[in-house]
Structures are given as C-alpha cells and as structure tokens.
Amino acid sequence: MALIKTENLTLSYENMTVIENMSFEVNPGDYLCIVGENGSGKSTLVKALLSLKRPVGGSITFGGGLLRREIGYLPQQTNAQRDFPASVSEVVISGCLNSRGIRPFYSPKERKKAAENMEKLGITELKNRSYRELSGGQQQRVLLARALCATKKLLLLDEPVSGLDPMVTAEMYELISQINKSGVTVIMVTHDMTAALKYASHILCMTEENRFYGTLEKFLVSDAAAFMKGSAVRG
C-alpha cells in the first residue's frame with residue numbers, strides 16, 4: 001500500500017495556482033527525486049506533503065501505517081539555522097519531539113534512538129560540540145540524524161546538499177542511499193539531475209512544458225528527460 005498518494009492535486013501560492021491535477025504515489029522502499037525549474041511548485045508541494053498547506057483541489061492520502069507526524073524532514077538550511085546555539089545531541093534528539101507528546105522529558109528509548117542515529121551518521125564524537133561550530137557537511141549529518149529520529153518509514157529531503165563541496169556532497173548522497181537501502185523510503189527535492197539519475201527509483205519532474213511521474217527507466221526515454229537535459233545545457 002502506498003505511503004503517500006496524491007490524486008488530481010491542485011495547490012496555490014499567493015492566490016496563484018502553481019500545481020494542477022497532479023497525481024503520483026510513493027511506495028515503501030521508493031527513492032523518489034522531485035526535479036524541476038525554479039517556480040514550478042516544488043516548495044509548495046513539500047509544504048503540502050508535510051500538511052503545512054491545504055490543497056485547493058484533489059487529495060493527499062497517507063497509508064501503509066505512515067502518520068503525518070512521522071515524516072522525517074530535512075529542510076533547506078538558512079543562515080539563522082546554521083547558527084543555532086545547541087549541542088549536536090540536543091539537535092538530534094529534538095527529532096523525537098513529535099512522538100514525545102506532552103511528556104516533559106525524553107525517554108530512555110528516545111535517547112537510545114538518538115545515540116543510534118548519531119552512530120549511523122558517524123557523528124557520535126561530535127555529540128557534545130556546539131552545532132553552530134560545525135562545518136556545513138557535519139551540520140547536514142546532524143540534521144539527517146535528527147530527521148531519522150522522527151521516522152522509521154519516510155524521509156523528505158529538500159536540497160540536502162545545497163552549499164556543500166563536491167566531496168562532502170558525494171558522501172551525503174551515499175549516506176542517503178544507504179539509509180534507503182536499509183528500508184527507509186526517500187523523497188528528495190533536488191536540482192542535481194546527475195544525482196537523481198544515479199540514485200532515484202522514481203522521478204517526479206515538474207516544469208511548465210513537461211510533467212512526468214514514473215520509474216527512472218521510463219523517465220530516461222520521456223520528453224521530460226530531454227527537456228531537463230536541454231535546460232541543464234542552457235543553464
């Protein structure tokens with residue numbers, strides 16, 4: 001059963017329709033890359049998937065035991081977020097906030113989950129460091145560990161390698177791929193077509209001229225793929 005399914009989804013931004021009659025689904029184990037031009041509605045779609053924006057038309061349904069509050073989200077970083085004054089361990093365990101409910105303290109189980117995710121992302125030795133003192137790549141690992149504390153099923157990543165150097169970018173993509181192979185479904189918004197073609201199982205392409213949803217294999221022979229390649233060359 002699909003974890004997320006949209007049917008004839010229509011979304012608006014500042015009273016203008018940016019997505020109209022969009023249908024796609026995300027199944028367990030998928031690695032869906034959302035690609036497209038600036039202004040094509042990718043950010044608006046992310047907000048809708050996080051239940052932060054209501055559809056103008058159509059629907060978004062959740063299944064497979066996935067609750068809306070159980071999506072692990074890694075947003076694009078702002079300068080203010082990069083300067084956040086907290087320790088690495090505090091940032092990571094804050095991913096458990098939604099599951100904590102009204103309890104004033106984190107449980108031993110939640111602390112164990114945070115420790116396991118720091119170990120998985122190779123940042124255990126940084127746990128007492130201030131988040132604001134870390135490099136960009138280290139900060140992204142911390143935020144990815146935080147997102148994993150929020151979910152066992154689905155990660156939603158919005159430009160997760162933005163601003164990172166090529167070596168750190170490659171490491172980040174490999175970490176995300178390993179997480180996907182471990183059984184966590186991934187939705188990644190990206191401008192990096194090379195990475196999308198390397199890692200994705202499915203592509204959602206959003207442009208004014210072309211819209212496509214399907215497997216990577218079908219995307220490669222579609223008009224949307226040719227358009228995106230042309231856009232990259234022109235850019």
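Q: Which residues of helix 7 are buried?
A: The buried residues of helix 7 are T169, M172, Y173, L175, I176, S177, I179 and N180. Buried means under 20% relative accessible area, exposed over 50% and partly exposed in between, with a 1.4 Å probe and protein chains only. This is a predicted model, in which local features need pLDDT of at least 70, side-chain atom pairs count only at pLDDT 80 or more, and totals for chains, interfaces and linings use all residues. Residues are numbered from 1 along each chain as its sequence is written, and side-chain values use heavy atoms, with hydrogens and water left out.

Q: What about A170, buried or partly exposed?
A: A170, in helix 7, counts as partly exposed because its relative accessibility is 40%.

Q: What caps the N-terminal end of helix 7?
A: D165 does: one of its side-chain oxygens lies 3.1 Å from the backbone nitrogen of M167.

Q: And what follows helix 7?
A: G183 follows, with a positive phi near 120°.

Q: Changing topic, where is K42?
A: K42 lies in helix 1, which covers residues 42-49. Helices are DSSP runs of H or I with at least four residues, numbered from the N terminus.

Q: Which side chain of opposite charge is nearest to K42?
A: That is E159, 5.7 Å away; K42 is buried yet has no salt bridge, a term for a side-chain nitrogen of Lys or Arg within 4 Å of a carboxyl oxygen of Asp or Glu.

Q: What is K42 in contact with, leaving aside neighbours within four places in sequence?
A: K42 is in contact (heavy atoms within 4.5 Å) with I34, V35, G36, E37, V189, H191 and M206.

Terms used
Helices (H or I, at least four residues) and strands (E, at least two) are DSSP runs, numbered from the N terminus. A polar contact is a pair of N or O atoms within 3.5 Å; within protein, one must be able to donate a hydrogen and the other to accept it, and residues adjacent in sequence count only if both atoms are side-chain atoms. Lys and Arg count as positive and Asp and Glu as negative; His and the chain ends are not counted.
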